[in-house]
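Please keep the model open beside the text and look up each residue as it comes.

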Amino acid sequence: MSAENLIEHISSMMNFVNIQRLWMQRHLEPIAKKYKLKMSDLSLMLLLHINKELKTAKDIAMFSDLKRGNISLIVESLSCRGFIKQLAVEGDRRMKKLELTSKCDGVLNECDEILLALFKIMIEGIAEDELLRAKEVFVQMYKNIEKEEHKSLEENR
């Protein structure tokens, strides 16, 4: 693939990701306001809700564009308000496992409804086999990034 074609693909994907993020945020803002949450609060809750492998602030920092210090502030705020529990991690006193509480259920159910509706709009006119292939491609891209990140971490030790 030529560098020009590669840049065109990168541009298309970046535009899609940005448009999708802004579109979803615009539709989720009313829920955040209803529950007196900041969008960063709601984003962290959704990350924990949707990505079950994310367990700690460190995991969230690696997976999102939220800064570790900001995550700590958000977690503390959500903990004080009863949305998140911070549980000790065996073997590391400093690390806390984050767990959503039942107080999140209403917020997350409303978010799920909106996200499902948005996803249905997004995939309209796309055949199921095309969606499955897209998922395979994204999974492979994710694995490639994960492998490269792991390699970089090993080199920096």
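1. The second largest pocket holds about 250 Å³ of space, in a model that is predicted. Of the 13 residues that line this pocket, those closest to its centre are Ala-57, Arg-68, Arg-94, Met-95 and Lys-96. The elements that give two or more residues to its lining are α3, α4 (68-80) and β2 (92-100), and the largest share, five residues, is the contribution of β2. Sorted by class, the lining of the second largest pocket has six charged, four nonpolar and three polar residues.

2. What is the volume of the largest pocket? The space in the largest pocket comes to about 2,500 Å³, and 43 residues line it, with Val-17, Gln-20, Leu-47, Asn-51 and Phe-63 lying nearest its centre. Two or more residues of this lining come from each of α1, α2 (39-50), α3 (57-63), α5 (105-122) and α6 (128-155). Helix α6 gives the largest share of the lining, 13 residues. By class, the lining of the largest pocket divides into 27 nonpolar, nine charged and seven polar residues.

3. The C-alpha trace spans about 50 × 45 × 25 Å along its principal axes. Of the 157 residues in the chain, 24% count as buried.

4. Is Met-1 buried or exposed? Met-1 counts as exposed because its relative accessibility is 73%, and the cut-off for that word is over 50%. Met-1 also belongs to a nonpolar patch on the surface, which it forms with Leu-6, Ile-10 and Met-14, and the accessible area of these residues together is about 450 Å².

5. Phi of Lys-36 is near 55°, which is a positive value in a residue other than glycine. Lys-36 counts as exposed, because its relative accessibility is 68%.

6. The next points concern pairs of charged side chains. In general, side chains of opposite charge can pair when their charged atoms come close. By the rule used for this model, the count comes to four salt bridges. One of them is the pair in which the side chains of Lys-34 and Glu-110 meet, at 2.9 Å from N to O. This pair links distant parts of the chain, for Lys-34 lies in helix α1 and Glu-110 in helix α5, 76 residues apart. Lys-34 counts as exposed because its relative accessibility is 52%, whereas Glu-110, at 22% relative accessibility, counts as partly exposed.

7. Which residue meets Glu-99 in a salt bridge? The partner is Lys-85, and the two side chains meet at 3.3 Å from N to O. This pair, too, links distant parts of the chain, with Glu-99 in strand β2 and Lys-85 in strand β1 (residues 84-89), 14 residues apart. Glu-99 counts as partly exposed because its relative accessibility is 29%, and Lys-85, at 41% relative accessibility, also counts as partly exposed.

8. A further salt bridge joins Lys-151 to Glu-148, the closest N and O atoms of the pair being 3.4 Å apart. Both residues lie in helix α6, where they are three residues apart, about one turn of the helix. Lys-151 is partly exposed, because its relative accessible area is 44%, and Glu-148 counts as partly exposed at 41% relative accessibility. When you turn the model to view this pair, recall that helix α6 also gives the largest share of the lining of the largest pocket.

Notes: Residues numbered from 1 in each chain as written. Predicted model: local features only at pLDDT ≥ 70, side-chain atom pairs only at ≥ 80, totals over all residues. Heavy atoms only, no water. Patch = residues over 30% accessible without salt bridge, like charges linked within 9 Å, V, L, I, M, F, W, Y side chains within 5 Å. Areas by Shrake-Rupley, 256 points an atom, 1.4 Å probe, with all protein chains shown as cover. Buried < 20%, exposed > 50% of the residue type's maximum accessible area, 1.4 Å probe, protein only. 1 Å grid on protein atoms, 1.4 Å probe; cavity = no way out; pocket = protein on both sides within 12 Å on 5 of 7 lines; lining within 4 Å. Points joined across faces, edges and corners; volume = space filled by probe spheres on them. Helix = DSSP H or I, 4+ residues; strand = E, 2+ residues; numbered from the N terminus. Nonpolar A, V, L, I, M, F, W, Y, C, P; charged D, E, K, R; others polar.
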